Amino acid sequence: NHQLSKALLYPLQLVGVERDLINISIFIMVIILFKSLFYLFKTYYSHKICFDIRRSMMEDISDYYLTARYSNIIVEKQGVLINNLVHEPHKATAGMMKLSEFLISLFMVIFYYGILLLTNYKITFLISIVSAILYFFFSRVSKNILQRYGEEELAFNQEISSIGAESISALRQIKTFGIKGIIEKKLRKNIKGLTNVGIKYVLFQSIPRITIELLIFSGIISTIIVLYSISFDLLVSVIPVLTLFVIISQKLFSNLTRLISTKTSLNYYFPSIDLIVSILDKRQLINPVNTKNLSKLKSLETDICFDNISFSYNGKDLLFENITFSIPKGKTTAIIGESGAGKSTITDLILGLYFPTSGVISFNGLSINDVNINDWRKKFGFVSQDNFLFHNTIMENIRFGNLEASDEIVIQAAK
């Protein structure tokens, strides 16, 4: 190793580079290397944590959508549900990362403040007053403004997602009725609103930096002018201390700017964070009824009975009231009525997608509320008037009725 080190240093010594300079250079390179490695390490783990949190949020929201009562989810616009699942976890996670940036900036502000305090406590006290005024002023002014911007952005994103989802789902109707212009006008209006909010947010975020830069420059110029007016020799004598203060103050105010900017931007992310928290709270409150581990239904042994069933979608206006009838086992039953009379609703009640306002649906001597609803639904073959094909092959779409069915069984079912 010694011979190798000597061989590597020899060319440098030939051109007159001192050994001490070489050692210092090597030391600096080692520091830069470790700094770069630390930066890569920090970047990897900070982004990994960020994406893990985002993934967890999206999985929990998806679980809530698929587990909660159908009636609680279907009342929301499809685009709002998509936005809350895809976009808002990303923004909420960005807000959490801003919180970590805030803590780092706070540490650096305290560190540089301590150095200034050890240098000259009187000037540091003056800087402290200015810093405190700036921090509390911007924090107070920005809180309501940025939170309003965040709420507006959330509303625009949800509306844009809704328009996009409706445009794709109703593509046939849009082309048939020639309402392309109406859809585009509505979309353009919301995109313009979202753009304006984003621009106002960026501009507002830059105000603290501009203000602090002006104050630093004004303070330095004022100090130089005052010292020069008193005595040129005095100005020369304090230049070393003044230079140190300028350098450290620049670092301090740079981190203070970042601290204020991060603190104010948190208000911008709070609406998304609050939305995610509220969804996850709802998930925790889901009643486990109908998913508990009860004895499995081997077969339907009796008629399906509706006993004094009443139902309302909004909790006020009854679609039907106190209806009683039976669907006989082993027979074909047709329910006939005008559009909107409740034919599809009766099917949804049997499937447990909705629950009666009053009355009991029973079979095999049990109420539908006393069986494992997932096990009950597996007994059904269902063809809806609103067909939906998953983004998969026709064979796999048919197989959703029985995931264990072989290709031959699926082909036979399709005939």
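In which sense do β3 and strand β4 (residues 366-367) pair, and over how many bridges? The two strands pair in the antiparallel sense, over 2 bridges. The model described here is predicted.

**Strands**

β3 and β4 form a hairpin with 2 residues between them. Asn-364 lies in the turn of this hairpin and has a positive phi of about 50°.

**Surface patch**

Val-30, Leu-33, Phe-34, Leu-37, Tyr-39 and Leu-40 make a nonpolar surface patch of about 630 Å². One of these residues, Leu-33, has its place in helix α2, which spans residues 19-67. Leu-33 counts as partly exposed because its relative accessible area of 48% falls between the cut-offs of 20% and 50%.

**Cysteines and accessibility**

A disulfide is a covalent bond between the sulfur atoms of two cysteines. The structure holds 0 disulfides. Cys-50 counts as buried because its relative accessibility is 15%, and buried means under 20%. Cys-305, with a relative accessible area of 27%, is partly exposed.

| Residue | Relative accessible area | Class |
|---|---|---|
| Leu-33 | 48% | partly exposed |
| Cys-50 | 15% | buried |
| Cys-305 | 27% | partly exposed |

Terms used:
Residues are numbered from 1 along each chain as its sequence is written. This is a predicted model: local features need pLDDT of at least 70, side-chain atom pairs count only at pLDDT 80 or more; totals for chains, interfaces and linings use all residues. Side-chain values use heavy atoms; hydrogens and water are left out. Two strands pair if DSSP finds at least two bridges between them. Helices (H or I, at least four residues) and strands (E, at least two) are DSSP runs, numbered from the N terminus. Patches are made of residues with over 30% relative accessible area and no salt bridge: like charges are joined within 9 Å, nonpolar side chains (Val, Leu, Ile, Met, Phe, Trp, Tyr) within 5 Å. Accessible areas come from the Shrake-Rupley method with a 1.4 Å probe; for residues, only the protein chains shown count as cover. A salt bridge is a side-chain nitrogen of Lys or Arg within 4 Å of a carboxyl oxygen of Asp or Glu. Buried means under 20% relative accessible area, exposed over 50%, partly exposed in between (1.4 Å probe, protein chains only). A disulfide is a pair of cysteine sulfur atoms within 2.5 Å.
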